[in-house]
Amino acid sequence: MAKVKLNVNGKDHEVELVDDQHPLLWVLRDELGLVGTKFGCGMAQCGACTVHLNGSPTRSCSVPAIAAVGQKITTIEGLAQNGVLTAVQKAWIDHDVPQCGYCQAGQIMSASALLREKKNPTDADIDSYMQGNLCRCGTYLRIRTAIKSAAKALNGSAS
Amino acid sequence: MNSVINTENEYYPPAILEQIALMERESQGSAPVTGPVSRRNFMKVSAGAGGGLVLAFGLGLGEKADAQQAPGPGGPRPGGAPAAPQPINTNAYVRIAPDGRITLVSKNPEIGQGIKTAFGIIMAEELDAKWSDVTIEQAPIDSATYGQQFAGGSTSIPSAYNTLRNAGAAARAMLVAAAAKQWDVPESEITTSESVVRHAASNRSLTYGALATAAAALPAPTTAQVKVKDRKDWKLMGKRISGFDNPALVTGKPLFGVDVQLPNMKVAVYEKCPAVGGKVASANLDEIRKLPGVVDAFILEGNGQVAALMPGVAIVANNTWAALSAKKKLKVTWDETNASKDSWTALTAFAKEAAAKGAGLQELKKVGDVDAAFQGAKTVEAFYTFGFVSHATLEPQNTTAWYQKDPAGDKLEIWGSVQIPDSARTAAANVVGLAAGERRNFPNATLHQMRIGGGFGRRINNEYAVEAAAISKQAGGVPVKLMYTREDDLTHDFYRAGGFQALKGAVDEKGKLTAWAGHVISFNDGFAAAPPGGRQPGGVQGGGWPSPNEFPAEYTPNYRLTQTLTPIKTPCGPWRAPGSNTAAWVVQSFMHELSTAAKRDHAEFLLEVFGQKQAPVVAPGGFGGGGGGGLIPERAVATIKAVVERSGWGKPLPKGHFQGLAFHFSHQGHFAEVAEVSVDSKKKVTLHKMTVVGDIGPIVNMSSAENQVQGAVIDAFSTLALEVNIENGRIKEQNFDTYKLARMPIAPVVDVHFLDTTYPPTGLGEPALPPAGPAICNAIYAATRERIRTLPITRQGFSIA
């Protein structure tokens, strides 16, 4: 299988694929060592593998890597710039969201996309947008709170 | 029938029972006990590699342990070489570097229960450390140094609390002594706070870092010399402190077992018979070996033990996708002669027949005379059924293992997300045939503990670690990461056993509980050759009753508990609050049936039951789980009264809202909970609010404690609507499209309150969960007058989403 070029977190990488179905998730984890993006189900049911493709939240377990060629791929490792955490990441720490923490990279990627689309999401907006991300530990209440807190921080800094 | 009688805590596997027994002896106070833990008063101090204080405490084998050098606790780095061995002392809980960095060592696995941060808080409190100076490190797995290292039974806090307090207090005492010596002032005039030692009279102060090297030259105090703080002086304990690993989690740092990458590592998948116990008759191995990226494919015969190595086909590949793609093309013919034929339909029919016979085959507990008490009394009869459920940890089971051939004795190195690391290490070493060493300690086997992406009891069993080790050996000694797919994980679990109970209860003319008869219908191990009095490893665990003394055994003047067991082969194991999570549902639901029949207020009825204790507590403690041992009626009454108050029980509610109340004691935690629900015309249940009052003694980290309770309520609600269906030995639910864990929209308001008590602190991974289910079901009854007697509630036409 041919090599392809992927742009991940602002850097170009050339990677060799097993076949044209080779999911982006496994390229990120196995070939690029970006293991922050997690495997949970392999069929876009749990959201643990959520990354951004040109800013849109995408389940990387179900997207072939070749479909991501030419797009800007952002993973959890690429959110913070120069070591400065985003408002969403900070809110996750401030509200002590994680329990086991396994789903949280995916949750943060979804939440970050939500806040780009909606500046002041309601509980219903949050529930609707985030329901593709499972949390087995049940940290949903804290995720809601953290998203609202991040929204407030973002709106405050924008004004 | 030659069956197994349940005894207290039998639903935990032997490995954890041994550890719990050892822990109970350790916790009996300062009296010396035999074995390696007898030197727990031993404290040793030494200088760190770059100067500074290294406080070894407690359980060590003295000089030998001190001389050991540990590998870097961070484990391997993605895409790079494994961490180089670092010059740290394994036998240490507290290290203070001259630059002021304080490293505290957390000895138990982090499974999402927040133990890493909690252990750090306990030590930092007594040390009077500034929290921002503190780094918390995962300890090496070394029972000779750290004693018991496992996560299960909500035992980490109660078992380690005193050890960790003493470690922190001892280090503080040495810093104070060093300052006193340096300033030539009495120790009594010296105070500490925020990593600084002060002498107010002379207005002098020094940081812990500045004193660390001098402190290291002083003798360590004994446990008896160390004084821990009065509770009123706590500064960190009970505060809300964000998890230590949170910055690493939100930036995607490698922490979990699944994140391990080693140089030249291969990725393996392992296909087992969909009906447990089947053997490989043939497989298209030649075809598989030719697929792109596949390195090898082979059959493992296994050792026939469900908790160790069952037969299957391993595929070893250059990367995960090559392995997963090849697995889809794998064709195996199974010999199912000895495989499971379990059928939930057949088991349900068996249970109904058994229930119709009245009492069960074995009597577990008898108080008074239930049959006489039933005569002429108002009685209620019911048959309760609960299905099997999966753990469904979001991190699928996985392990990285490296079998290394060595002329001086072959070695095994494991990186794993496991709840009982030493059990995983020895099980794997045993199966690959490593030299056992003294006391079967397998000195050539090492396990690196990784953070765990959800435990819930699943990772108390370690068959995936054994499989990884066996695959690495068979593949010629290459490092191998074994990955379970979600389908592997859901269909090869150690399930929360389903089960049944037939109940009959009576209330007198005043509406008081007078008699209770329970007939538990559950399972024993279909692979075991009818072992008298014992279960085979990997047999059915968690299927029966927590204890013959489980509530309300000691609170009912006439009580009888019997059981009938039938063999199954489906592997079962501990699932969050094992035994208790179903016992609470059965008992607290039926208790509500009785109070309803008596036309009594349920809170008043329950309080009355706790006021009529028949006999003293049978056994104090009861570390592992539920059972009668440890339930203190005054604590039960206090939590029930508090939850009644906080939830507005009996007061007007919004239109269409109804409440249900339940209490349960397990894992040393007393919890009373009130659910507020509404049920629509399509029988969809909305949980609006859960009010939770718990008594677990003092709280270590309030943020983490509230998080555990919120999660437990959501887990309980989610699980009310879940089951795995078993027919012909096969599990029907394969992935999250059919095993529908609850999603965010169902999350209710959870009002959490802990009673401020001075009982010893206990763990919180489990005890908030059991009463949540029956509280919700009792509320559903209040809303609909339909009693939930079958789980999942979908079997009665209800839904939660």
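1. Chain B contains 19 helices and 29 strands. The model under review is predicted, and the remarks below should be read accordingly.

2. On the overall build of chain B, 60% of its 801 residues are buried. Among contacts in chain B with a separation of 6 or more, 79% join residues 24 or more positions apart.

3. The contact between the two chains draws 48 residues from chain A and 52 residues from chain B. On chain A, at least two residues of the side that touches chain B come from each of helix 1 (24–31), helix 2 (87–94), helix 3 (104–117), helix 4 (123–130) and helix 5 (140–158). By residue class, that side of chain A comprises 26 nonpolar, 14 polar and eight charged residues.

4. B:Gly278 lies in the loop that runs between strand 9 (266–272) and strand 10 (279–283) of chain B. B:Gly278 is classed as buried because 22 C-beta neighbours fall inside 10 Å, the cut-off for a buried residue being 20 or more.

5. Leaving aside residues up to four places away in sequence, B:Gly278 touches B:Cys273, B:Trp334, B:Asp335, B:Glu336 and B:Ala339. A further reference point is B:Met310, which is 32 residues from B:Gly278 along the chain; the C-alpha atoms of these two residues are separated by 8.5 Å.

Key:
Residues are numbered from 1 along each chain as its sequence is written. Chains are lettered from A and ligands numbered from 1 in the order in which they are written. This is a predicted model: local features need pLDDT of at least 70, side-chain atom pairs count only at pLDDT 80 or more; totals for chains, interfaces and linings use all residues. Two residues are in contact if their C-beta atoms, placed from the backbone, lie within 7 Å. Helices (H or I, at least four residues) and strands (E, at least two) are DSSP runs, numbered from the N terminus. Ala, Val, Leu, Ile, Met, Phe, Trp, Tyr, Cys and Pro count as nonpolar, Asp, Glu, Lys and Arg as charged, and the others, Gly among them, as polar. A residue is buried if 20 or more other C-beta atoms lie within 10 Å of its own, exposed if 12 or fewer, and partly exposed in between; C-beta atoms are placed from the backbone.
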